[in-house]
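Subject: Structure for you to look at

Hello,

Here is the structure I said I would pass on. Please open it alongside this email; my notes follow below.

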Amino acid sequence: MAAKSPAKNPFDLTGQVALVSGGASGIGKAIAEAFLNQGARVLVGSRTADKVEAAVKELNASTPGNSEEIRVGGVTLDVTNVPSVERAVRKTIDLFGRLDILVNSAGVMLRKPTFELNPDDFNKLYDTHVTGALRCSQAAGHLMREQHSGCIINLASISSFVDLVEVAAYAAAKNAVMGLTRSLANEWAKYGIRTNAIAPGFVPTELNRKMIEKTDRGRRILEHTPMGRFGSASEIAGAAVFLACPAGGFVNGHTLVVDGGYMASGIGDAVAPWTIEK
Ligand SMILES: NC(=O)c1ccc[n+]([C@@H]2O[C@H](COP(=O)([O-])OP(=O)(O)OC[C@H]3O[C@@H](n4cnc5c(N)ncnc54)[C@H](OP(=O)(O)O)[C@@H]3O)[C@@H](O)[C@H]2O)c1
């Protein structure tokens, strides 16, 4: 199939409609905001109704647009529940008439020594990150296949590549997210659907703030990060805009690492504190 003709502004998302699971906080909310700033309309969803309502208010206030026009909507969404996922997809269509971009950002974290990890813990994380992304991708994918265009963005992680200690269930799920990403990319490209993932480095959010801010783990992460700081959710959102917009139109099956250089750092730079000779 021929490539689409180049858009005037290849980063523009005007006319596009996105559904963002986990979109009421953290990285998902920042992605929703970035999409709105690029002209898209967005539905954000998570399990907590109050949080969703607050996020919709905040996004409406922080992004440009005509006050008459509905640009942001919210939905209570549990990605572990098929009827809930189907309701969210239906609400997107009822509100905006179409669905072009799905972002699977719903996620939970669990830190536990692996000897203490029980199968229920393990399955809960898998069900949210992996089966949840599958449920949403299938529900959105049916519509995208009909319109022969669509873009799915999954949230992988640094722990898709390297161990982060006592987060085995999370790591296993995030590895599977990459497998799911490649499978959909390969199988659904013929329906005009591109599937990619973003692997963020460390971004303090509700998910991990207690684990990494002002902790020994956090200090070790920063020492291993060439840029010497955590990322911000908006720095992850930039990657999502790229993957969703016409400029990213030939990217498929890729996992884009956005980590301040964490993955590039083997023993660290020569100015790392422990290399200074006494
Ligand atoms: N922050 C990082 O450093 C980092 C790094 C790598 C990858 N990630 C990934 O990025 C994604 C976003 O995380 P974040 O850091 O932005 O954390 P966050 O602020 O906690 O966002 C995750 C959201 O997912 C929602 N959620 C959890 N379970 C859900 C379910 N079953 N159905 C629907 N929504 C659900 C939560 O809201 P409710 O509780 O209201 O449902 C929450 O708003 C996650 O997949 C995470 O694993 C984050």
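The place to begin is strand S2, residues 41-46: six of its six residues are buried, so the strand is largely enclosed by the rest of the structure. Please keep in mind that this is a predicted model. Both faces of S2 are covered, with Arg 41, Leu 43 and Gly 45 buried on one side and Val 42, Val 44 and Ser 46 buried on the other.

Strand S1 (residues 17-21) runs parallel to S2, and five bridges join the two. Between them the chain passes through helix H1 (residues 26-37), and this β-α-β crossover is right-handed. Two of the pairings can be picked out by residue: Val 20 has Val 44 as its bridge partner in S2, and Leu 19 has Leu 43.

S2 is also joined to strand S3 (residues 72-76), again by five bridges and with the strands parallel. Here the chain goes from S2 through helix H2 (residues 49-62) to S3, in a β-α-β crossover that is right-handed.

S1 is joined to S4 by four bridges, and the two strands run parallel. Val 20 takes part in this pairing as well, with Val 103 as its bridge partner in S4.

Next, the ligand.

Which residues come nearest to the ligand? Of the 30 residues around it, they are Gly 22, Gly 26, Arg 47, Thr 48 and Gly 107. The elements that give two or more residues to this shell are H1 and helix H4 (119-147). H1 gives the most, with three residues. By type, the shell divides into eleven nonpolar residues, 15 polar and four charged.

The buried residues of H8 are Ala 233, Ile 236, Ala 237, Ala 239, Ala 240, Val 241, Leu 243 and Ala 244. What covers them includes H1 and the strands S4 (101-104), S5 (150-155), S6 (193-200) and S7 (255-258).

Gly 231 lies in the loop between helix H7 (216-224) and H8. Is Gly 231 buried, or partly exposed? It has 19 C-beta neighbours inside 10 Å, whereas a buried residue needs 20 or more, so Gly 231 counts as partly exposed. Leaving aside residues up to four places away in sequence, Gly 231 touches Pro 200, Gly 201, Phe 202, Val 203, Ile 236, Val 258 and Gly 260. The C-alpha atoms of Gly 231 and Phe 35 are separated by 19 Å, the two residues being 196 apart along the chain.

His 148 has a phi near 55°, a positive value in a residue other than glycine. His 148 sits in the loop between H4 and S5, and it counts as exposed because it has 11 C-beta neighbours inside 10 Å. Glu 166 likewise has a positive phi in a residue other than glycine, near 65°. Glu 166 is found in the loop between S5 and helix H5 (168-188). With 17 other C-beta atoms within 10 Å, Glu 166 is partly exposed.

Regards

Key. Residues numbered from 1 in each chain as written. Predicted model: local features only at pLDDT ≥ 70, side-chain atom pairs only at ≥ 80, totals over all residues. Buried ≥ 20, exposed ≤ 12 C-beta atoms within 10 Å, placed from the backbone. Pairing = 2+ DSSP bridges. Right-handed = clockwise from strand over helix to strand, strands pointing away. Near = placed C-beta within 6 Å. Nonpolar A, V, L, I, M, F, W, Y, C, P; charged D, E, K, R; others polar. Contact = placed C-beta atoms within 7 Å.
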